[in-house]
Amino acid sequence: MRLSWALTLFYLVVTGSILAASALIPGFVDFLPIGGAENLLRGPGDDPFDSIDIGATRVGTLTESLLWLVFAIGGALLTVLPVSWTYMASRARKEYDQSLVETIIVIPIAVTAIVVIVHNSLALAFSLAGIVGGVRFRNTLKSSGDALYILLAIGIGLSAGIGALEVALVMSVLFNFTILFLWLGDYGGLTGAHRYFRDNHEDRRDEGDVDDGDEETQG
């Protein structure tokens, strides 16, 4: 339950701070990477190769561009941070992977920057695909469920890059509280079955029996 309170408080503080800054600082809203969801939900244009409007039409100088990027990447980090908390709280020790936690935090930074770079250029997009294919990233996940966190981190980065950080926020909130509900409620749990969020109790009991037997044999 401590995690649920921490998540709720975090989202309320971040949302309240943004609303307060928008009300107190003139022009603050113009540099926020939000509003892109409207363009996404409106549907595709006549030309499928049209660039995506990232909602930074008021950005006209280098300083303003850097400010928009800082808000976009900072917003992505704030949105993905509670996702890492959920992972750290729900994973069993034997399946916990610190490198995955670090990957979850870093991926939105890279994806946000990449989307900003290629969103107006089809040639750059194809070039990036070739570069990524040549690098051939490899990472073995300890559990197939860990891919959900990677997928969410990528989605948050994409949302921030196109100026639709509100989509990232909705994804983060719903993902974290859904995972929290499944974890606390042990939804779908069966005795002896594989459990994503906790150790298999039957396997642990069997391992304890084996350990006790070994100690008796050694004694």
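Reply: Seven aromatic pairs are found in the structure, where a pair means that the rings of Phe, Tyr or Trp (its six-membered ring) have centres within 6.5 Å, with planes under 30 degrees apart called stacked, over 60 edge-to-face and the rest tilted. The model is predicted, so local features need a pLDDT of at least 70 and side-chain atom pairs count only at pLDDT 80 or more, while totals for chains, interfaces and linings use all residues. Residues are numbered from 1 along each chain as its sequence is written, and side-chain values use heavy atoms, leaving out hydrogens and water.

One of the pairs joins Y11 and F177, whose ring centres are 6.4 Å apart and whose planes meet at 40°, so the pair is tilted. Because Y11 belongs to helix α1 (residues 2-24) and F177 to helix α7, this pair ties together parts that lie 166 residues apart in sequence; helices here are DSSP runs (H or I, at least four residues) numbered from the N terminus. Y11 has 9% relative accessibility and therefore counts as buried, whereas F177, at 29%, counts as partly exposed; buried means under 20% relative accessible area, exposed over 50%, and partly exposed in between, using a 1.4 Å probe and protein chains only.

Another aromatic pair, Y149 with F175, is edge-to-face, with 5.2 Å from centre to centre and 80° between the planes. It too links distant parts of the chain, since Y149 sits in helix α6 and F175 in helix α7, 26 residues apart. Y149 is buried at 1% relative accessibility, and F175 is buried as well, at 15%.

As for V83, it is in contact (heavy atoms within 4.5 Å) with I104, Y149, L152, S172, F175 and N176, once residues up to four places away in sequence are set aside.

N176, in turn, leads back to Y11. This residue lies in helix α7 (residues 165-185) and is buried, with a relative accessible area of 0%. Its side chain makes a polar contact of 2.7 Å with the side chain of Y11; such a contact is a pair of N or O atoms within 3.5 Å, where, within protein, one must be able to donate a hydrogen and the other to accept it, and where residues adjacent in sequence count only if both atoms are side-chain atoms.

Definitions and conventions:
Helices (H or I, at least four residues) and strands (E, at least two) are DSSP runs, numbered from the N terminus.
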